[in-house]
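Have a look at the structure before reading on.

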Amino acid sequence: MESKRSAVDDVASAIVPSKKPKQGHDVGGREISARGPGGAIQVAGPARTSSLLAPVMTLEGHEYSPNGKYIASGGFDRMLFLWQTFGECENYAALQGHTGAIFDVSWNSSSEKVYSVGTDKTCMVWDAEVGERIRRLRGHSDFVNSCCAARNNDVTCVTGADDGTIRVWDSRQRNAIHSLNNKYQVMAVCLCDDGERIISGGLDNTIKIWDLRTLGMTEQIKGHTDSVTGLALSPNGKEVLSTSMDGTVCVWDVQPFVSGHRLRRTLFGSHASQEKNLIKCAWTPDGKHVGSGSGDRNVYVWNVFRQQIAYCLPGHKGTVNQIDFHPEEPIEAIPRGITVVMHSWKLATIFICYALLEHVL
C-alpha cells in the first residue's frame with residue numbers, strides 16, 4: 001500500500017505568502033537595539049519563553065491541534081485552512097468541500113483529523129496529514145453551529161445545530177450513532193471525558209447535561225440571561241466554561257452528583273457583538289486562566305481564581321469569535337506568557353500572540 005503524502009510537503013498548497021522578519025529584528029522576532037564588541041548583536045528586552053517566531057504573528061487568510069504544531073481555521077469563504085504554528089506560520093493546505101460558511105472546527109485527539117461544520121448542514125471529516133476529505137456526515141436539517149471531538153478517543157465527535165438536535169458521530173460511519181432532541185436551537189456542545197455525557201447550550205439561555213446511556217437530559221442549569229454561544233471543558237474535566245450573548249463568561253461545576261447550585265464563578269469584561277455572533281471560549285492547559293472573544297474587537301484573558309481580567313489583547317478590526325490557547329507553551333514565572341490564537345471570521349484573519357502578563361500575581 002502506497003504511503004501517505006504529507007500535505008506539508010505540497011508546495012503548491014501554500015497559497016498565502018509568508019512574511020519575512022522585519023528589518024531591525026532577529027529571526028526570533030526580537031528587536032535588535034545595538035551591536036556589541038566584535039559586531040555581536042545585542043537584543044533589547046527580556047527573553048521570551050515562547051517558541052513563536054515573533055511575539056505577534058498575523059495570518060492572512062482556529063483551533064490548535066492537540067500536539068500544538070498546527071492550526072485549523074474556517075470562515076465565510078467555505079475553505080478550511082491548515083497552518084503551521086511555528087516558524088513563519090505557513091499555510092500548508094487549503095481544503096475545499098463545504099458549500100456554505102464554516103462555523104466551527106475541532107481536532108481529534110491524535111491531531112490527525114479535523115472536523116468542520118457550517119451552514120451546509122453537514123460535518124466534514126478531514127485528513128490533516130494528507131489534506132483530503134475523509135467523509136461527509138449528513139443528518140442535520142439546519143445550520144450546524146458547533147462541533148467537539150472527543151478527548152479520550154480518535155473517532156467520536158458531537159455536533160449541535162439549529163434543527164434542535166445533538167448528534168454523536170463515529171468518523172468511521174456515515175450515520176450518527178446517537179441523536180438527542182432539544183426544543184430550541186443548539187449553539188454550543190462539548191463532550192465530557194467519560195464519554196457518557198454531553199453538555200449543550202443554546203437559544204433558551206440554559207446549559208443542559210445529557211446522558212448517552214439513557215439518551216435523555218439529566219440536568220438543566222440556569223444562570224445566563226441570553227443565548228449560550230460557547231462551551232469549553234476544563235483540562236481536568238470537572239468544570240465547563242460558557243460564553244453568552246448576555247456578555248458574561250461563567251464557570252460551572254459539571255461533576256456528577258453535585259448538590260446545590262453549579263455556578264462557581266462569573267467573569268465580566270467581554271462584550272457581546274451587535275451582530276450576535278457565536279463567540280467561543282477556551283481554557284489554558286493548566287486551568288488557571290480562561291479566555292474569550294468579544295464584540296469590542298479584543299480578546300480577554302481572566303485569572304480564574306481571582307476572577308479578574310489578566311490581560312486584554314487588541315489587534316482585530318471586527319468581532320473576535322473564537323480563541324484557543326497553545327497546549328504546550330506554558331504560563332511561567334514573571335514575565336508570565338500565554339501563547340494564544342485569536343480568530344476573527346468576519347475579516348478572515350488570525351493573530352497568534354505571545355502576551356507578557358507582567359501584572360498578574
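Two strands pair if DSSP finds at least two bridges between them. The model is a predicted one: local features need pLDDT of at least 70, side-chain atom pairs count only at pLDDT 80 or more, and totals for chains, interfaces and linings use all residues. Residues are numbered from 1 along each chain as its sequence is written, and side-chain values use heavy atoms, with hydrogens and water left out.

Begin with β10 (residues 122-127) and β11 (residues 132-138), which pair in the antiparallel sense over six bridges. Across this pair, W126 stands opposite R133 in β11. The hairpin of β10 and β11 has four residues between the strands, and G131 takes a positive phi near 85° there.

The strands belong to an open sheet of four with the order β8-β9-β10-β11 and antiparallel pairing. Which strands form the edges of this sheet? They are β8 and β11, each pairing on one side only. On average, neighbouring strands of the sheet are turned by 20° against each other, direction ignored; here axes are lines fitted to C-alpha atoms, and angles run from 0 to 180 degrees between N-to-C directions.

Next come the empty spaces. Rolling a probe the size of a water molecule over the atoms shows where empty space is left. On a 1 Å grid over the protein atoms alone, a cavity is a set of points where a 1.4 Å probe fits but cannot get out, while a pocket is an open set with protein on both sides within 12 Å along at least five of seven lines; lining residues have an atom within 4 Å of a point. Grid points are joined across faces, edges and corners, and a volume is the space filled by probe spheres set on the points.

The largest pocket has a volume of about 840 Å³. Of its 38 lining residues, E63, Y64, R151, L233 and D324 are the closest to the centre. Among the elements that give two or more residues to this lining are β4 (63-64), β8 (102-107) and β28 (322-325).

The largest cavity has a volume of about 90 Å³. It is lined by 16 residues, with T243, S244, H271, A272 and I279 nearest its centre. The second largest cavity has a volume of about 40 Å³, and β17 (residues 197-202) gives the most to its lining, with three residues.
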